[in-house]
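This briefing concerns the structure shown below.

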Amino acid sequence: MTTNTTPAVRLAGVTKDFGAVRAVRGIDLDLHPGEIVAFLGPNGAGKTTTIDMVLGLSRPTSGSVEVLGMDPRKAIARGLVSAVMQTGGLLKDLTVRETVAYTASLFADSRPVDEVLERAGIGELAARKVGKCSGGEQQRLRFAMALLSDPALLLLDEPTTGMDVEGRRAFWSAIRDDAQSGRTVMFATHYLEEADQYADRIVLISKGQVVADGTGPQIRALASGRTIRAWLPSPTQETVDAITAVGGVDHVEVRGESVTIHAKDSDAVARYLLTETPARDVEITAKGIEEAFLSLTGEPA
Ligand SMILES: Nc1ncnc2c1ncn2[C@@H]1O[C@H](COP(=O)(O)OP(=O)(O)OP(=O)(O)O)[C@@H](O)[C@H]1O
């Protein structure tokens, strides 16, 4: 594996248009060797489009993409990059071991089958038919296949979609254990919790741009603030506008007579509600990661 300090991935001024749609709007990003990076964003943020460019499956409209200091297609041809895709590519009647052995036979140089099964945490499932494996187990099988070339960079596009909590935990535990050997891992996800729990670094993207980049705690701190809920009888647009204008308020939502406000200065909002409006039952809570996401991207997770 590559151990120098060349970035594992370097995106510089990358844009990507599909006809009139600008899916990626100028991304600059370096991933360092050995990092586990979550590419977090809502539907349509541009995650898959970006990953496809890193995999050399498509070209940027402008800007440049380098993988380990070279053109993505060259890095792939050298077996330095693998991907774990969400669906397809598995034959139900083969066993787990047969599937990996068959894939290994396609490589001139591959890691031993038993080693990758162990690394992917499916050594005990080797004799099981693929059709009898759960979605999470099949995903670990894809992970095992991706490890055969011992890639320096592993890309995963929403790898745990549809898995239950236990499947997800087992999948990430295998990825994390393996990554200790220095592999760089980049994964796309909608799940804030997943990014927060399993990535060293979170790159938050929205509408084709990076809107935040840091560790889980840093991302949450960026969106520090509180949620204020209150009962507000017969709210008028004027009242809502006035609440929105209170310093530090970043989001107001009214449902019937219940109002939810996200704000940096919850004291100021509570004071305003209690003195200037007929609001009652004011309740203040710390912002969870869901709300942090909303205030950073303007979109629900
Ligand atoms: N081949 C294509 N032709 C036209 N538009 C496309 C194409 N691929 C993607 N787009 C558009 O580009 C934008 C970004 O899509 P992309 O699939 O990269 O988002 P994403 O973050 O991966 O979303 P999701 O989480 O839903 O997979 C979207 O508006 C999408 O409709």
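Two residues are in contact if their C-beta atoms, placed from the backbone, lie within 7 Å. This is a predicted model, in which local features need pLDDT of at least 70, side-chain atom pairs count only at pLDDT 80 or more, and totals for chains, interfaces and linings use all residues. Residues are numbered from 1 along each chain as its sequence is written. Helices (H or I, at least four residues) and strands (E, at least two) are DSSP runs, numbered from the N terminus.

**Helix α5**
- Of the 13 residues of α5, 11 are buried (20 or more other C-beta atoms within 10 Å of the residue's own, against 12 or fewer for exposed and in between for partly exposed, with C-beta atoms placed from the backbone), so the helix is largely enclosed by the rest of the structure.
- The buried residues of α5 include Leu141, Phe143 and Met145.
- Their cover includes β5 (81-84), α3 (96-105), α4 (113-119), β6 (153-157) and α6 (165-179).

- The domain assignment, automatic or from a database, gives domain 1 (9-221) and domain 2 (223-297).
- The C-alpha centres of domain 1 and domain 2 lie 39 Å apart.
- Glu193 lies in helix α7 (residues 192-198) and is partly exposed, with 15 other C-beta atoms within 10 Å.
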